[in-house]
Every structure is written in structure tokens, then in C-alpha cells.
Amino acid sequence: MKLLHRRDLVCREAVELVTDYLEGTLSARAQRRFEAHLAGCPHCTEYLAQMRETISLTGRLEPEDLTPQMRDEFTDLYRRWQSEQQ
Amino acid sequence: MDSDSELLLRLRSGDERAFVSLVERYHEPMLRLAASFVPNRAVAEEVVQDTWLAVLRGLENFEGRSSLKTWLFRILVNRARSTGSKEQRSVPVADPEPAVDPSRFGGDGGWADPPEHWIEAAERRMEAGKLADRVRGCLGELPARQREVVLLRDLEGMSSEEVCAVLALTEGNQRVLLHRGRSRLRQLFEDEFREVR
């Protein structure tokens, strides 16, 4: 008979838990199970590092500056709106 | 740089430079988000223009119950949604979409084709200033609903609660979309940056 409780996570399952892990939404028990898997699995450890890097790369995109022409357009928009107010 | 709440104060006292600063801060992020709701860039620009006007008109009634940023993005999303969608938006979240191509795992569920290394290569290209366009390109390849969540969470730094409010999502669906979006993006980065062997 198959032992149902305390079965170890397999990699295919571990990668599905990464977001919940990073969000801090795993139960304490699920978190321990996930971390126990990582401790014995360099590939999933690398995978988690890559998910963190993915988040970090996205977060480092800079908004492109407004062109001077756009600045003028928005200043005009503001002035038009203000004159509507009066 | 002024905080949003300082800008809001200045804006309410009729300071036009405060408005331009606000546009400077949020125009591009709003365009990026709008683009995932509407058919093309031109329509996205129209939606964002409309949003700015709506923001000016609504300023008086903004009560500050949510952050200024959440309020701006909600106006945007409402407008973008009513302008029309470029794809079927009711993509069921319940459809399974594995984080990693199942063929990369063996019968025992362990990695058969493990993640290839790419972090160092990406960092080197980042330092050389050659990365931003590729990151933008990869984001553009995500399905719209996943991209919206990833942009707001990971680029705009919004909390999950804020994203749920802006996009009218449940907490659970927000997390599923975030998970799929980030997982897909990781795969795109792996394909893009892995060390050539």
C-alpha cells in the first residue's frame, strides 16, 4: 500500500509552489516540505534563484522619459482643463 | 522626488508642474498596461489621454481611500476595458498551465532536463545596458492577463491587494496569473540568456 502522508515533493510539484512560497502563502507545513526539497535539490534551488532573478529583472526596467513634445502636450491638457473650471 | 501624496497636494492647489510630474511618473506604465487591453498602440495612447483628463476631472472627488496610484490605474483599466479587448478575456484561470514544460521532467517527477544557467549572463548584459529591450520584448510575449498582473506587481511594485483592486481580480486568481506569468517569463529568459554551450 502506498504511504500517503509525508511523501516527499518531486521537482515537478515543487516548481508549482514557488510563487506561493515567495508570497508567503504556504502553510507552515507546506513551507517546511518545500524547503526540505530545496535542501536536497540543486536544480530546484537554481530554479528558485531564477524566479527571483526574473522578478528582479522586470523590476529594474526604467520608464522612458517623456519627450519635450509630450511635456508640452500635457501642460496644454492641464491648462485646457483649468480653463474649463472657470 | 516628491511622493504621490505631495504631488496630490500640489495638484489640488493648482500647480501645473505637479501634473506634468505625475504624468512623467505614470504615463509610460499606464501605456504599457493599456496596451494589453486594446488592439494597438494608438488606441492605448487615446485611452491613456482620456484617463489623464478623467483624473483631472475626478481630482476634486478623490477621497484618498486608496493610494493615488491605485486610483489612477483603476480609472485606466475601466476605460481600457470599455474601449474593447483584443482577445477573449475570459480565459479560464482553471485551465491547467504547468510552470515548466512537463517534458523536462522524468517519470519520477524529477528534472530530466534541468534549468540551464542564465543569471550571470543576464546580469552581465544588464550592466552593459543591453538588456532592457529584451526584457520588454519578453514581457510583450506574455498573454495579456498574465502580463497585466506581472507589470503591476513586479514593475510597479504594487501589493497583491492593490492589483486585485485595479484589475478586479480575486486574490486566488491574482496569484494564479502571477505564477503563470512569472513562470513563463523565466522560461523566456532562459531561452534568451542561457549560456551557449
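This is a predicted model: local features need pLDDT of at least 70, side-chain atom pairs count only at pLDDT 80 or more; totals for chains, interfaces and linings use all residues.
Q: Hi! How many helices and strands does chain B have?
A: Hello! Chain B has nine helices and zero strands, so the order from the N terminus is simply α-α-α-α-α-α-α-α-α.

Q: And what does its C-alpha trace span along the principal axes?
A: About 65 × 40 × 30 Å.

Q: What share of chain B is buried?
A: Of its 197 residues, 37% are buried. As for contacts between residues at least 6 apart in sequence, 66% of them join residues at least 24 apart.

Q: Let's look at H2(B) and H4(B). At what angle do they pack?
A: Helix H2 (residues 16–35) and helix H4 (residues 68–83) of chain B pack at about 35 degrees, and their axes are 10 Å apart.

Q: Is that crossing right-handed or left-handed?
A: The crossing of H2(B) and H4(B) is right-handed.

Q: Which residues meet there?
A: From H2(B) come B:Tyr26, B:Met30, B:Leu33 and B:Ala34, and they meet B:Leu72, B:Phe73, B:Leu76 and B:Ala80 of H4(B). By class, that contact has eight nonpolar residues, with no polar and no charged ones.

Q: New topic: how many residues does each chain bring to the contact between A and B?
A: Chain B brings 36 residues and chain A brings 31.

Q: Which element of chain B gives the most?
A: H2(B), with eight residues. Other elements giving two or more include helix H3 (41–58) and helix H9 (171–193) of chain B.

Q: What classes are on chain B's side?
A: The side touching chain A has 23 nonpolar, four polar and nine charged residues.

Notes
Residues are numbered from 1 along each chain as its sequence is written. Chains are lettered from A and ligands numbered from 1 in the order in which they are written. Axes are lines fitted to C-alpha atoms, for helices over the stretch in contact, and angles run from 0 to 180 degrees between N-to-C directions. Helices (H or I, at least four residues) and strands (E, at least two) are DSSP runs, numbered from the N terminus. A crossing is left-handed if the near helix is turned anticlockwise from the far one by less than a right angle, and right-handed if clockwise. Two residues are in contact if their C-beta atoms, placed from the backbone, lie within 7 Å. Ala, Val, Leu, Ile, Met, Phe, Trp, Tyr, Cys and Pro count as nonpolar, Asp, Glu, Lys and Arg as charged, and the others, Gly among them, as polar. A residue is buried if 20 or more other C-beta atoms lie within 10 Å of its own, exposed if 12 or fewer, and partly exposed in between; C-beta atoms are placed from the backbone.
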